[in-house]
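Here are my notes on this one, point by point. Have the model open while you read.

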Protein chains: 2
Amino acid sequence: MARPQFTSPDFLEAARALACEHGPAAVTVGAVIERLGAPAGSFYYRFASRDLLLGELWLKTVLAFQEGFMAAIKAGDGLAAALHTPAWARENLDDACLLLLYRRSDFVHGDWPETLRSGVISQEKSFKTAVTQFAQTTLGSDCPNTLRRVRFALVEVPLAAVRMHLECREAPPPIADELIRQTYEAVITGRPEQ
Amino acid sequence: MARPQFTSPDFLEAARALACEHGPAAVTVGAVIERLGAPAGSFYYRFASRDLLLGELWLKTVLAFQEGFMAAIKAGDGLAAALHTPAWARENLDDACLLLLYRRSDFVHGDWPETLRSGVISQEKSFKTAVTQFAQTTLGSDCPNTLRRVRFALVEVPLAAVRMHLECREAPPPIADELIRQTYEAVITGRPEQ
DNA sequence: GTCCATTTAGAATATTAGTTCTAGAATGTG
DNA sequence: CACATTCTAGAACTAATATTCTAAATGGAC
């Protein structure tokens, strides 16, 4: 059998480079194969479609990100979970640009390919249950407003604090962590009952 | 002279509707003229290019948003400026979806058309000087970290608090304001010196 | 060495979208 | 009632992109 010259990871890596430099829209099949010097046939031998490539790229990246977040939140350490965003972004600048600067729908519009659907659903689910569990055990409630509060402090604010730096392709500076921490204390620690 | 049947505002309005429902990428010339029942020629009689249409749409919307923000910040009321985002989003749900859910570069990639460039530059400039002035007069400093802090509390956090609701095309609920206020107090009011 | 699955190779095809072009209709003005 | 200007009309053109297809090269197994 012929020796594989262009493997799936090769294509994913090329796609990642293009996505974090110019956004997911720049990840055209043409651009990917040109970057790799591969023919179109080799690409379609590995991936049934462009959607599948971008879907795999996104899913792989979000799962890598979520790993540390889930560990912290399951340990009951909400502040560590909030600070995971800048920390992970520093360690994985390219992946962070790709994941945190764009929306999931920029990678896959509409319906996800059958193959990836279960992966995305389980990713969403495990995230939601972890947040709910944290709200319940740490704040003693999982009413909508408490969940909203947790999501704000653990997800939205860290993302907001980090975004402008990622837009310059720079690692988030220490002030980002400080802002996240202060917000966390005001919004979560400050009111453990409501 | 022939009576105008399809005016510039007509095209802008159709583009706005498409953009806030399906994102700026869905604003194709074909979709716009189909929505209006206009021929392609009429569109290009009003707009030199698709870029110009999307550029005008974005600029018009951002200026409408900025109006209230600038009024509050120039009055020295930082909290009011921060709360302007959810307030404006409630009053202008469609415009908010368009403006706050996407990035400027989703509307115009790369260079802006000559006609709009000065408008965009002056918009950026007036925003920056207002923020700097606020930092100086209210916090007594305009060092990078103070500016970062102000930008966080007045722009990034309000945006983060509002985004998930806009994604469902819903008005931000009161809890959004509460989170913005608590963050503002922790990050700005709480430390008027550093 | 022949055979076969694997993989490369890239030309051909299809679709979508932006833009241009030419012809003609509408309407205020002289 | 011409006539010039403004605008409509939509076919035609161009470029980019995803995808398919057929042929051939590769390299291990028998």
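1. Starting with the protein–protein side: 16 residues of chain A are in contact with 16 residues of chain B (contact means C-beta atoms, placed from the backbone, within 7 Å). On the chain A side, helix H9 (144–167) and helix H10 (174–189) each supply at least two residues, and H9(A) gives the largest share, nine residues. By class, that side of chain A splits into nine nonpolar, three polar and four charged.

2. Housekeeping: this is a predicted model, where local features need pLDDT of at least 70 and side-chain atom pairs pLDDT 80 or more, while totals for chains, interfaces and linings use all residues. Residues count from 1 along each chain as its sequence is written, and chains are lettered from A and ligands numbered from 1 in the order written.

3. Helices here are DSSP runs of H or I, at least four residues, numbered from the N terminus. As for classes, Ala, Val, Leu, Ile, Met, Phe, Trp, Tyr, Cys and Pro are nonpolar, Asp, Glu, Lys and Arg charged, and the others, Gly among them, polar.

4. DNA strand C has 21 residues around it, the closest being A:Ala2, A:Gln5, A:Gly41, A:Ser42 and B:Thr28 (near: C-beta, placed from the backbone, within 6 Å).

5. On to DNA strand D: 21 residues surround it, with A:Ala2, A:Thr28, B:Ala2, B:Gln5 and B:Gly41 the closest. Here the largest share, four residues, is from H3(B).

Definitions and conventions
Two residues are in contact if their C-beta atoms, placed from the backbone, lie within 7 Å.
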